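Please read them with the viewer open.

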Amino acid sequence: MRVGEATRWIGSLALAAAVLLAACAPANPTAAPGSTDLGGRSITVALGDAYLPFSFVPLATGKPEGWDYDALAEICRRLNCQPQFREVTWDAMIYAVGRGDYDLAADGITITPERAKVVDFSDGYMTVDQRLLVRIGENRFDSIAAFKANPALKVGTQQGTTNYDEAVSLVGASRVTAFEMWGDAVLALIAGDVDAVVIDDTAGQGYVGVNADKLRLLPGALVSQELGFIFPKGSSLVRPFNAALAAMRADGTLDRLAARWFGPDFKLTDKDIGPGAYAATATP
């Protein structure tokens, strides 16, 4: 082989090797090895923007934030996608996702068999206990059993939630008052219009943190359940989102998010945030 031919041959090998390496390299350099690359795809995410600390808009900044925003930003960083957030009221959210109006929904949604008939769930990203939130100084009952046994006591909760279902299961529908938003149920409790609120302990701890002189969580759990993202039936996003959640659990990211949004330093209340999807001008 002449020198010129050898040079061209070596150059061809180098070019081929470069092309092969480029083809094998992940399109998303931040993605974990073996993860799905969604190619920068835009993904519509339904949430309410009025549920502390999952999604909300502080009046002081006007900028949406919360656990959902941080978690989905991290998931899309790993999967190479772009979340596009849409405000949707809770009563419309699950069925809107089931119809395919949105690619997924967040907002602290409890995984249940009934809902799984309408949507597909991700793996659970958080386990929560349903608890009774009560007033400081309450002396008519000191346990869940004592509350249940007193027919004069009323319980509040948010309509259309598993908390509402659990409240009805606990004391019967006649003793349950349903509210459109969690903040309304908590204000009714503080005002004495209801005697307890059935709420997830994650949210309940937040209300206690900023109303330590007024509220406490009663000992004991009504039920423990997992939260997950929801998708239209058969969505191709479920598998990559599950893989991202598994990686975030393994490397401590989920723990760090929990510490930020559910820790003692979080002090915002419903008075500090806007109405989100529940504003009079909001479109369901």
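The points below run from the overall fold to single residues.

1. **Basis.** This is a predicted model, in which local features need pLDDT of at least 70, side-chain atom pairs count only at pLDDT 80 or more, and totals for chains, interfaces and linings use all residues. Residues are numbered from 1 along each chain as its sequence is written, and side-chain values use heavy atoms, with hydrogens and water left out.

2. **Overall make-up.** The protein has 9 helices and 13 strands. These are DSSP runs, numbered from the N terminus: helices are H or I with at least four residues, strands are E with at least two. Of its 284 residues, 47% count as buried. Buried means under 20% relative accessible area, exposed over 50%, and partly exposed in between (1.4 Å probe, protein chains only). Among contacts with a separation of 6 or more, 73% come from residues 24 or more positions apart. A contact here means heavy atoms within 4.5 Å.

3. **Nonpolar cores.** A nonpolar core is a set of buried Ala, Val, Leu, Ile, Met, Phe, Trp, Tyr and Cys residues joined through side-chain atoms within 4.5 Å. The largest one has 48 residues. Ile-43, Trp-67, Ile-75, Leu-133, Phe-229 and Phe-241 have the most contacts inside it. Helix 2 (residues 67-79) gives the most to this core, with 6 residues. A second, separate core has 17 residues, including Ala-46, Ala-105, Met-181 and Ala-277.

4. **Disulfide.** How many disulfides does the structure hold? There is 1. Cys-76 and Cys-81 form it, with sulfur atoms 2.0 Å apart; the cut-off is a pair of cysteine sulfur atoms within 2.5 Å. The torsion about the S-S bond is about -100°, so the disulfide is left-handed. Both cysteines are buried. Setting aside neighbours within four places in sequence, Ile-43 is in contact with Cys-76 and Cys-81, and its other partners include Leu-104, Leu-237 and Phe-241.

5. **Aromatic pairs.** Rings of Phe, Tyr and Trp (its six-membered ring) pair if their centres lie within 6.5 Å; planes under 30 degrees apart count as stacked, over 60 as edge-to-face and the rest as tilted. The count by this rule is 14 aromatic pairs. Phe-56 and Phe-266 have ring centres 5.7 Å apart and planes at 65°, so this pair is edge-to-face. The pair links distant parts of the chain, 210 residues apart: Phe-56 is in strand 3 (residues 55-56), Phe-266 in the segment after helix 9 (253-262). Phe-56 is buried at 0% relative accessibility. Phe-266 is buried too, with a relative accessible area of 13%.

6. Phe-231 lies in strand 13 (residues 230-231) and Phe-241 in helix 8 (residues 238-250), so the pair ties together parts 10 residues apart in sequence. Both residues are buried. Ring pairs link them into a cluster whose members include Tyr-51, Trp-67, Tyr-125 and Trp-182.

7. **Charge over a ring.** Arg-175 lies over the face of Phe-147, 5.6 Å from the ring centre. The rule asks for NZ of Lys or CZ of Arg within 6 Å of the ring centre and within 35 degrees of the ring normal.

8. **Backbone points to check.** Most residues other than glycine have a negative phi, and most peptide bonds are trans. Leu-52 and Pro-53 are joined by a cis peptide bond, with omega about -5°. Pro-53 is in the loop between strand 2 (50-51) and strand 3. Asp-49 has a positive phi, near 60°. Asp-49 sits in the loop between strand 1 (41-47) and strand 2, and is buried at 3% relative accessibility. Asn-80 also has a positive phi, about 65°, and lies in the loop between helix 2 and strand 4.

9. **Buried Arg-115.** Arg-115 is in the loop between strand 5 (104-105) and strand 6 (120-121). Its relative accessible area is 11%, so Arg-115 counts as buried. Beyond its neighbours within four places in sequence, its contacts include Trp-90, Ile-94, Phe-121 and Gly-160.
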